[in-house]
Amino acid sequence: MNRLFTSVLCGALFFLSFALACAGEREPYGIGLEGFSYPYPVGLLPLVNDGEQVRMAYMDIAAAQPNGRAVVLLHGRNFPSSYWAPVIRTLSDSGYRVVVPDQIGFGKSSKPSGDLHFDTLARNTIALLDHLGITRADIVAHSLGGMLGVRIARAYTDRVAHLVLTAPIGLEDYRLYVPPTPTEKIIESEDKQTADGYRKQLETNYSLKLPYDQVTPFIDARFNIKGSAEYPRWLRAFVASAQLIYREPVVHDIPLITEPTLFIMGADDHNAPGKPNAPEALRPKMGQNAELAKALAAKMANARVEVIPDTGHLVFLEAPAKYDELVLGFLAAR
């Protein structure tokens with residue numbers, strides 16, 4: 001009864017925050033998304049990254065009827081981990097303990113002053129599992145989280161049972177198409193971004209098919225931070241994540257993954273970070289994500305690809321029933 005009450009209460013607060021954000025009645029968020037509610041209680045794990053004291057935020061949701069297994073959900077770059085709410089519910093109801101971290105630099109976690117590195121984020125995630133007493137887990141990852149999932153699977157093979165890559169980026173080496181861009185130039189460009197411009201950017205890059213009001217809270221999760229006195233620190237961390245994607249490709253590691261792997265791709269997802277900055281002649285070659293996934297899976301020891309029609313980058317929100325069916329079936333297979 002306590003668990004049910006807590007879930008209902010947290011869910012109510014989560015959607016209330018969405019409603020208030022849509023109505024424009026919210027104070028500016030802090031750079032740790034203070035003021036933005038998550039669907040479940042949030043814990044904080046103290047860590048040290050590159051000599052800097054940081055705290056990693058996470059949700060740890062118990063299974064309704066435990067099957068003895070745990071799933072780690074890894075978020076993308078442009079969304080807080082709270083967007084996993086419907087998937088959390090599905091997995092928890094199906095017997096899985098669900099661990100949902102905000103990586104350092106994102107969401108409710110600390111915003112470091114230096115660069116971000118996938119190896120550091122991978123170590124942080126394993127440290128969280130150690131803290132929670134989880135020796136082995138399934139990983140379900142989305143977008144940038146897919147790149148991190150690859151690094152975890154390669155560096156900590158014995159800790160990963162199954163790997164689900166949901167509309168992952170990093171299926172190609174963007175350095176082959178996009179020239180390097182100075183961090184200060186990206187900061188200047190991102191600082192000029194407006195909420196309306198950002199929405200249009202997501203609609204274009206992600207081929208979004210979600211209702212307007214379902215996207216609005218995620219727009220607010222970014223732009224309400226502009227009212228914080230620490231906004232420049234948040235902005236630098238946000239841009240560091242863009243440089244992370246560019247500087248640390250994982251596509252060369254993907255064929256080496258030995259864990260059972262499922263790619264779930266949106267047929268209309270042609271997201272390719274940095275594509276507008278590539279020479280015009282090269283842009284059409286970028287972001288052929290479903291085909292890239294198929295080519296990579298063919299080189300892997302144990303992988304397959306599922307492509308969901310009429311969906312974009314946010315495939316688990318756009319086609320939830322099909323997505324849940326694919327994930328639960330894959331995780332259940334031994």
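1. The lining of the largest pocket is made up of 16 nonpolar, 14 polar and five charged residues (Ala, Val, Leu, Ile, Met, Phe, Trp, Tyr, Cys and Pro count as nonpolar, Asp, Glu, Lys and Arg as charged, and the others, Gly among them, as polar). This is a predicted model, in which local features need pLDDT of at least 70 and side-chain atom pairs count only at pLDDT 80 or more, while totals for chains, interfaces and linings use all residues. Residues are numbered from 1 along each chain as its sequence is written, and side-chain values use heavy atoms, with hydrogens and water left out.

2. The largest pocket has a volume of about 960 Å³, where a pocket is an open set of points on a 1 Å grid over the protein atoms alone, at which a 1.4 Å probe fits, with protein on both sides within 12 Å along at least five of seven lines, and lining residues have an atom within 4 Å of a point. Of its 35 lining residues, Glu190, Pro273, Gly274, Pro276 and Asn277 lie nearest the centre.

3. The second largest pocket, with a volume of about 280 Å³, has a lining of three nonpolar, three polar and six charged residues. Among them are Glu34, Arg55, Lys108, Lys111, Glu230 and Arg233.

4. Glycine 95 is buried, with a relative accessible area of 3% (buried means under 20%, with a 1.4 Å probe and protein chains only). Although glycine 95 and alanine 63 are 32 residues apart in sequence, their C-alpha atoms are 4.9 Å apart in space.

Terms used: Points joined across faces, edges and corners; volume = space filled by probe spheres on them. Buried < 20%, exposed > 50% of the residue type's maximum accessible area, 1.4 Å probe, protein only.
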